[in-house]
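This report covers a sheet, aromatic rings and salt bridges. The sequence and the structure come first.

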Amino acid sequence: MPLYKELYDIVKDKEYFVLTTNVDHQFYKAGFAENRIFATQGDYGKIQCQRGCHPKTYDAKELFQKMDAARKDCLIPSELVPKCPVCGGNMAMNLRCDNYFVEDEAWHEAADRYADFLEQHQSEKVVLIELGVGFNTPIIIRFPFEKMVRENASYSLIRLNKDEAVVPESFGKRAVGIGGDMTHAITDIWRLS
């Protein structure tokens, strides 16, 4: 979490937006504004119908706390296992892991805010910072960021990745790839900002 707090300290007084495939809520916990985050792959703190029978997610923090308090020998009482309020089926975490992922109203609103942010800053100086984005889901962040840098002369890319920090040579000085421990890199960036 210190990494996220340091990153927040770097951007908190600037125009920023977070596009993340992480589902662990760390950006929220570090203080990033909820209306400036688009968690494209879901969130461990939300549940949905396992079959996606309706387009709604539910905050599960309170339910998870009840489950934890009632847990005995790694088992929870069956009455705490959530059922879908529409079809009566099982509920699952809201994670993009199959064809039943629910993109609810909040997901679409976040997607729209991200698109609006990009449109509003299209001709301005923008620094895209990638944290550990590899080739698991490159079509969400890695490839679109490269496309934005290619198409916008005022955009730059900082790619922090332990093993896959290579940036296209054609970007010249508008891109840098930094391998190794990104905590040290963020600390160095924070000192320079």
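How exposed is Asp68 in terms of relative accessible area? Asp68 is partly exposed, with a relative accessible area of 45%. Here buried means under 20% relative accessible area, exposed over 50%, and partly exposed in between, with a 1.4 Å probe and protein chains only.

## Basis of the model

This is a predicted model, in which local features need pLDDT of at least 70 and side-chain atom pairs count only at pLDDT 80 or more, while totals for chains, interfaces and linings use all residues. Residues are numbered from 1 along each chain as its sequence is written, and side-chain values use heavy atoms, with hydrogens and water left out.

Three strands form an open sheet in the order β4-β3-β5, with antiparallel pairing. β4 (58-59) and β5 (91-95) are at the edges and have a single partner strand each, so one side of each lacks a neighbour in the sheet. Helices (H or I, at least four residues) and strands (E, at least two) are DSSP runs, numbered from the N terminus. Two strands pair if DSSP finds at least two bridges between them.

Strand β3 (residues 42-49) pairs with β4 in the antiparallel sense over two bridges. Ile47 has Tyr58 in β4 as its bridge partner. Helix α3 (residues 61-70) lies across β3, β4 and β5 and runs at about 90° to β3. Contact means heavy atoms within 4.5 Å. Axes are lines fitted to C-alpha atoms, for helices over the stretch in contact, with angles from 0 to 180 degrees between N-to-C directions.

## Aromatic rings

Rings of Phe, Tyr and Trp (its six-membered ring) pair if their centres lie within 6.5 Å; planes under 30 degrees apart count as stacked, over 60 as edge-to-face and the rest as tilted. By this rule there are nine aromatic pairs. One of them, Phe17 with Phe117, is tilted, at 5.8 Å centre to centre and 40° between the planes. Phe17 lies in the loop between α1 (2-11) and β1 (18-20) and Phe117 in helix α4 (residues 105-120), so the pair ties together parts 100 residues apart in sequence. Phe17 is buried at 16% relative accessibility, and Phe117 is buried at 13%.

The ring centres of Phe38 and Trp107 are 5.0 Å apart with the planes at 75°, so this pair is edge-to-face. Since Phe38 lies in strand β2 (residues 37-39) and Trp107 in helix α4, the pair ties together parts 69 residues apart in sequence. Phe38 is buried at 6% relative accessibility, and Trp107 is buried at 16%. Tyr4, Tyr8, Tyr16, Phe27 and Phe32 make up one aromatic cluster. Arg36 lies over the face of Tyr16, 4.7 Å from the ring centre; a charge sits over a ring if NZ of Lys or CZ of Arg is within 6 Å of the ring centre and within 35 degrees of the ring normal.

## Salt bridges

The model has eight salt bridges, each a side-chain nitrogen of Lys or Arg within 4 Å of a carboxyl oxygen of Asp or Glu. Asp68 bridges to Arg71, with the closest N and O atoms 2.4 Å apart; Arg71 is partly exposed at 43%.

Arg159 forms a salt bridge with Glu130, with the closest N and O atoms 2.6 Å apart. Arg159 lies in strand β7 (residues 155-160) and Glu130 in strand β6 (residues 126-131), so the pair ties together parts 29 residues apart in sequence. Arg159 is buried at 0% relative accessibility, and Glu130 is buried at 1%. Salt bridges that share partners join Glu130, Glu146 and Arg159 into one network.
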